[in-house]
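Subject: Structure for you to look at

Dear colleague,

I am handing over the structure we spoke about, and below it I set out what was found in it. Please open it beside this message as you read.

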Protein chains: 2
Amino acid sequence: MSLPFSDVGSLLAHPSWRDVVESALAGRLETSTELEDPDLAPVVTHPSKVVCCGHNYAGHIREMGRPLPEHPTLFTKFADTLTGPSDVVTVPEWATGLDWEAELVAVVGAPLYRATRDDAAAAIAGWTAANDLSVRSWQRHTGQWLPGKAFDRTTPLGPVLVTADELDPTAGLTLTCRVNDEIVQRGDTADLVFDAAALLSYISAFTRLSPGDVVLTGTPAGVGAAATPPRALADGDVVEVELAGVGVLHNPISIDNTAVAGPVSRPVHGGTA
Amino acid sequence: MSLPFSDVGSLLAHPSWRDVVESALAGRLETSTELEDPDLAPVVTHPSKVVCCGHNYAGHIREMGRPLPEHPTLFTKFADTLTGPSDVVTVPEWATGLDWEAELVAVVGAPLYRATRDDAAAAIAGWTAANDLSVRSWQRHTGQWLPGKAFDRTTPLGPVLVTADELDPTAGLTLTCRVNDEIVQRGDTADLVFDAAALLSYISAFTRLSPGDVVLTGTPAGVGAAATPPRALADGDVVEVELAGVGVLHNPISIDNTAVAGPVSRPVHGGTA
């Protein structure tokens, strides 16, 4: 099925996108074509906002001996932090500690501002998956995580959007991460402390969400940084995220030892310091 | 002087924006008109990235007894977090602890990726000012500052862009914040630990910067949260930020006691928590 929109975000920006999809599906048997080995872009290519949640799986929080949080821990990525579901993810050699984070993602389908939980739930267009690949060394440069979370084209998103009427993550979807076929994370989306509706409601208290915006809901136990000793992805590794009902992200890792290290190889102090 | 661009960002996206400005300035004496009491938008209305730095004035860091940081503390705002230089800033009553932060802002004039400090310095189009108004209660919900830093339309930006050839913040510009005419902050941009070139170089190590992007460089001592007892802005207050050579942001504060408190008046837990 193909639709006259450049990406899922521009489809969702159409006020009657549900009708558009329904009409297109009505003719599906005649027009559907299976793409063989498609080179997909991120399922939403230009979200105006990419908001992510940390510390959000109850089992993982409890096993770390921490109390359940009262508020979601939020940070952002940029639209160009995203990459396709089967793209090679390349980071420079000096971005050490590249780690996996399998996540359920909510895609916004209607404008939201100061929304109740119910309104937020109704505004979710559907679900997709992400690998919130994190450069732990840069994430820990300071107390604010941004640098390690926003390396260019390091967050695979996709492979498809499954509309909200077809899938209910609060009822429990298995979320798995594999590194070279070894299972490293296996969580259940029913274990989220703040489910997607709660997250969207909270976010919309301070900032407007628009159709096509994406909210990453956090990762379950089993990240490399929490292993003893800590683990990191290496050149040539293949990392896969699988969300039941949505599909698989399959991303080879490439470590680039030629990338300019200018900002890293010397102190970044300016001014009079 | 008026130019055929919708805002400063779209001007800066023109590959030869310096020539465009120069030609326009050549005819300035004939065409210049002074706007009386203009209702200005933020000087850049739609930056693709708004990156901000905390903990960046050496004097303030030393007076807090902390060591100078090795890396800049970075967080983001959204384009719609910005507001005009003389706009009323409105926050809901439940967004308690609204605080001022006078800042120097660098506006990016050329694409930057993994840039050296010198390349970053050369890519700065010019300078403007911001008030990084912060909702301290929401900033402290968790360790990540985003919610308190990204309330809708709370960051005045402007009033104008002064091009880099006309002003040198590393040589020292006085940055002042006044609340109802009382001076609450007075800093000097020469006191920045990471000057703008260092910040842009560091940011460009992980993410691409584009013409029209803005980087807020941090605030000097004197914020309300650090006062004894802590101070916050109240309904009817007027807060002004003045950056020597750039101008004044003049923003009345309005506290809205009618805003929906849905996401705030009850725990935001979903799922199984």
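Where in chain A is the place of A:P229? A:P229 sits in the loop that runs between β12 (214–216) and β13 of chain A, and the peptide bond that joins A:T228 to A:P229 is cis, with an omega of about -10°. Please keep in mind throughout that this is a predicted model.

**Confidence**

For the complex the predictor gives an ipTM of 0.91 and a pTM of 0.92. Chain A has a mean pLDDT of 90, with 89% of its residues at 70 or more. Two stretches of chain A call for care: over residues 29–33 the pLDDT is below 50, and this stretch has two contacts in the model beyond near neighbours in sequence, while over residues 264–273 the pLDDT is also below 50, although that stretch has 28 contacts beyond near neighbours in sequence. Where pLDDT is low, the predicted coordinates should not be read in detail.

**The two chains together**

Chain B is superposed on chain A by a rotation of 180° with 0.0 Å of shift along the axis, at an RMSD of 0.0 Å, and the two copies are thus related as by a two-fold rotation axis. In chain B, the C-alpha nearest that axis belongs to B:Q144, which lies 3.0 Å from it.

The contact between the chains takes 51 residues from chain B and 52 residues from chain A. On the side of chain B that touches chain A, the elements that give two or more residues are β2, α7 (146–149) and α8 of chain B, and of these α8(B) gives the most, with six residues. By residue type, this side of chain B divides into 27 nonpolar, 17 polar and seven charged residues. Since 100% of the interface residues of chain B are also interface residues in chain A, the copies meet through the same surface.

**The fold, seen in both chains**

Chain A has eight helices and 14 strands, and buried residues make up 50% of its 273 residues. Of the contacts in chain A with a separation of 6 or more, 76% are accounted for by residues 24 or more positions apart.

In chain B, seven strands form an open sheet with mixed pairing, in the order β2-β1-β12-β6-β7-β9-β3. β2 (73–77) and β3 (82–83) of chain B stand at the edges with a single partner strand each, so one side of each is left without a neighbour in the sheet. Within this sheet, β1 (residues 50–54) and β12 (residues 214–216) of chain B pair in the parallel sense over three bridges, and B:C52 has B:L216 as its bridge partner in β12(B). Helix α8 (residues 196–206) of chain B packs on the sheet, where it touches β1, β2, β6 (102–108), β7 (124–131) and β12 of chain B, and its direction makes about 120° with that of β12(B).

Five bridges join it to β10 (residues 174–179) of chain A in an antiparallel arrangement, with A:T176 and A:E242 as bridge partners. β13(A) also pairs antiparallel with β14 (residues 247–256) of chain A over six bridges, and there A:V238 stands opposite A:P252. β13(A) and β14(A) form a hairpin with three residues between them, and A:G245 in the turn has a positive phi of about 90°.

**Individual residues**

B:P156, in strand β9 (residues 155–163) of chain B, counts as buried because it has 27 C-beta neighbours inside 10 Å. Among the residues that B:P156 touches are B:T83, B:P85, B:V89, B:A130 and B:L249, and its C-alpha lies 5.2 Å from that of B:G84, 72 residues away in sequence.

Most residues other than glycine have a negative phi, and most peptide bonds are trans. Another cis peptide bond runs from A:G158 to A:P159, with omega near 0°, and A:P159 lies in strand β9 (residues 155–163) of chain A. A:R114, in the loop between β6 (102–108) and α5 (117–122) of chain A, has a positive phi near 50°, and with 18 C-beta neighbours inside 10 Å A:R114 counts as partly exposed. A:D181, in the loop between β10 and β11 (182–188) of chain A, has a positive phi of about 75° although it is not a glycine, and with 7 C-beta neighbours inside 10 Å A:D181 counts as exposed.

With best wishes

Definitions and conventions. Residues numbered from 1 in each chain as written. Chains lettered and ligands numbered in written order. Predicted model: local features only at pLDDT ≥ 70, side-chain atom pairs only at ≥ 80, totals over all residues. Least-squares fit on C-alpha atoms with pLDDT ≥ 70 in both. Contact = placed C-beta atoms within 7 Å. pLDDT = per-residue confidence, 0-100. Pairing = 2+ DSSP bridges. Helix = DSSP H or I, 4+ residues; strand = E, 2+ residues; numbered from the N terminus. Axes fitted to C-alpha atoms, helices over the stretch in contact; angles between N-to-C directions. Nonpolar A, V, L, I, M, F, W, Y, C, P; charged D, E, K, R; others polar. Buried ≥ 20, exposed ≤ 12 C-beta atoms within 10 Å, placed from the backbone. Lists of a residue's contacts leave out its neighbours within four places in sequence.
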